[in-house]
Amino acid sequence: MKTTLITGASGGIGEEFARQLAARGNNLLLVARSEDRLAKLANELSDQHKITAQHVALDLTAERAAHNLFAETERRELEVDFLINNAGFGSLGDFASFDVERDEQMIALNISVLVSLTHFYIRPMRERRRGAIINVASTAAFQPVPYMATYAATKAFVLSFSEALAEENRQHGVKVMALCPGATDTNFFAAAEATRPPYRMMQTPQAVVETALRALEKGNSHVISGWSNYFVTQAERLIPRSVVTRIAGKAMRHYGKD
Ligand SMILES: NC(=O)c1ccc[n+]([C@@H]2O[C@H](COP(=O)([O-])OP(=O)(O)OC[C@H]3O[C@@H](n4cnc5c(N)ncnc54)[C@H](OP(=O)(O)O)[C@@H]3O)[C@@H](O)[C@H]2O)c1
C-alpha cells in the first residue's frame, strides 16, 4: 500500500503534514514517541478522510531505531513513496553549559536518523522512478546561531544534504526538498526550554505546511516559509558572515529563558 511516512507526527508541523496530506487522500504512517497522541490522530484521520492511517510509537534516538522502523514498514508491506523527516528538537543556551548527552541525542535525531531513513527509502523510490522526501531544516540553517550552536549546525547539515540529494535524484524521478521554517507556533520552544516568541513573529504550522507542499509540487530543492523569513535569509548573504554571527549572538544572548 502506498504510504506517506511522517516522523514527529504527534504534534506541531508533523501533525499538520498528516492533516493536510490525509485531506489529499494519502495513506499515512505516523511516527513519534507519544503513542496515545499518534493513535488518536490516526483514528481521527482514518475516519474523516477514508484513508489508512497507522502509527509506530518509537524513540528515534534509540539504538538502530531507523533500521527497526524500516523493518517494520517492510513487515507491514508498506510502499513508502513520500517520506517526511520532520522529528527534531533544539536547545537554547550556552554550549559549554549543556549536557553532552542532550547534544548527542539532538545530532542523532536531527541528522543521523534523517540520513538513515533517507538511505532506506530513497533506493526503492529510485527503482520505481517515483517518490518524494521532505527534510525539515530551519531558517537557522543559513547562518551560525550563537546560543543555539549545535541546533543551527544540525539544520545547516539538513539543508546542504537535501539540496545535494535533490540534484542527484532529479534525473531519477525522486524529489528531495528541505523545508526551512522560521519561528512556528508549536511545542518546539517548550521542548527547547526557551521563551516563546510573540505570536506576531510566528507562523502557524498550517501556513508552513501549505508552503512546503506547494514548493514540492514545483520541484524546489528548498523552501523558506514566510516572506519576512525569506528576506532576512537573503539579506544575511549580503553582510559578512562574522558580522551576521555577532548580531545573532547579541540577539540570542538576551533571548533568555523564562
Ligand atoms: N517550531 C519552530 O519554530 C521551528 C522552526 C524551524 C524548524 N523547526 C523544525 O520543525 C520540526 C518539527 O518541530 P515542531 O516545531 O513541530 O516541534 P514539536 O511540536 O516539538 O514537534 C516535534 C516532534 O518530534 C517528535 N520527537 C521529538 N523527539 C523524538 C524522538 N526522540 N523520537 C521520535 N520522535 C520525536 C515529537 O513527538 P514525541 O514527543 O511524541 O516523540 C513531535 O512529534 C523540527 O525538526 C524542528 O527543528 C521548527
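**Helix packing, up close**

Guide: Let's start with a crossing: α3 passes α4 in a right-handed crossing. Keep in mind that this is a predicted model. Helix α3 covers residues 65-75 and helix α4 covers residues 100-128, and the two pack at an angle of about 30 degrees with their axes 9 Å apart. Angles under 35 degrees count as roughly parallel, and that makes α3 roughly parallel to α4.

On the α3 side you'll find Ala 65, Ala 66 and Phe 70, and they meet Val 113, Ser 116, Leu 117 and Phe 120 in α4. Sort the residues of this α3 and α4 contact by class and you get six nonpolar, one polar and no charged.

There's another pair to look at, α1 with α2. Helix α2 is residues 35-49, and α1 packs with α2 at an angle of about 20 degrees, their axes 10 Å apart. α1 and α2 are therefore roughly parallel to each other. From α1 the contact draws on Glu 15, Ala 18, Arg 19, Ala 22 and Ala 23, while α2 brings Leu 41, Leu 45 and His 49. By class, the contact of α1 with α2 comes out as five nonpolar, one polar and two charged residues.

In all, 28 residues surround the ligand, and the closest are Gly 8, Gly 12, Arg 33, Ser 34 and Gly 88. The elements giving two or more residues to that shell are α1 (12-23) and α6 (188-191). Of these, α1 supplies the largest share of the shell, three residues. As for the make-up of the shell around the ligand, it has 12 nonpolar, 14 polar and two charged residues.

The C-alpha trace spans about 50 × 40 × 35 Å along its principal axes. For 258 residues, a compact globule would have a radius of gyration near 18 Å, and the chain has 18 Å, which agrees.

Methods. Residues numbered from 1 in each chain as written. Predicted model: local features only at pLDDT ≥ 70, side-chain atom pairs only at ≥ 80, totals over all residues. Near = placed C-beta within 6 Å. Helix = DSSP H or I, 4+ residues; strand = E, 2+ residues; numbered from the N terminus. Nonpolar A, V, L, I, M, F, W, Y, C, P; charged D, E, K, R; others polar. Axes fitted to C-alpha atoms, helices over the stretch in contact; angles between N-to-C directions. Parallel < 35°, antiparallel > 145°, perpendicular 65-115°, else oblique. Contact = placed C-beta atoms within 7 Å. Rg over C-alpha atoms; globule rule 2.2 N^0.38 Å. Left-handed = near helix turned anticlockwise from the far one by under 90°.
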